[in-house]
Amino acid sequence: MKPLLIIFLLSVSLNAQLDSLSKLEFEQKIKLDTKVKLSKSYFNVSALVLVGGAVLRNINDDILIFGSNGNIAASGTTAYYLAKHLLYVRKRNRFYKKHNLTLRRLKEKK
């Protein structure tokens, strides 16, 4: 019974946040959240290519695997995707602050 009551109260509190938003604002919120998630994914992939290329280059200079010679390109794209991600995070945080929404963050496990 307790878990059911907790789930019910959580859903009511989360819905209370979104009730104040109009349909257009709600769509904008969804777009901003999606852009932040996608930009984070792009940044992670770009950073992995950069690190993988650097590791392969350090192992053997004769390796001609994709990414091993692209350190310059990977460092440029990593910086680009980092800047893009930070821009989207900034826009999302401003939107949340303007509409008094709380950002759900993953809590670190102790």
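I began with Tyr 96 and listed its contacts (heavy atoms within 4.5 Å). Setting aside neighbours within four places in sequence, I found Lys 29, Asp 33, Leu 101, Thr 102 and Leu 103 touching Tyr 96.

A note on the source: this is a predicted model, where local features need pLDDT of at least 70 and side-chain atom pairs count only at pLDDT 80 or more, while totals for chains, interfaces and linings use all residues. Residues are numbered from 1 along each chain as its sequence is written, and side-chain values use heavy atoms, with hydrogens and water left out.

Next I checked the pair Lys 29 and Asp 33. They form a salt bridge (a side-chain nitrogen of Lys or Arg within 4 Å of a carboxyl oxygen of Asp or Glu). Their closest N and O atoms are 3.0 Å apart, and the count by this rule is one salt bridge. I placed both residues in helix α2 (helices are DSSP runs of H or I, at least four residues, numbered from the N terminus). Because Asp 33 and Lys 29 are four residues apart there, about one helical turn separates them.

Tyr 96 is one of its five residues, together with Leu 21, Leu 32, Phe 95 and Leu 101.

The buried residues of α3 include His 85, Arg 92, Phe 95 and Tyr 96, and the buried set of α3 packs against α2 (23-59). The expected span of a helix is 1.5 Å times one less than its number of residues. For α3, residues 71-98, the 28 residues should span 40 Å, and the end C-alpha atoms are 40 Å apart, which agrees. For α2, 37 residues reach 54 Å from first C-alpha to last, close to the 54 Å expected. Just after α3, I noted a positive phi of about 55° at Asn 100.

My last entry concerns Val 55, which lies in helix α2. Val 55 is partly exposed, with a relative accessible area of 43%.

Definitions and conventions:
Helices (H or I, at least four residues) and strands (E, at least two) are DSSP runs, numbered from the N terminus. Buried means under 20% relative accessible area, exposed over 50%, partly exposed in between (1.4 Å probe, protein chains only). A nonpolar core is a set of buried Ala, Val, Leu, Ile, Met, Phe, Trp, Tyr and Cys residues joined through side-chain atoms within 4.5 Å.
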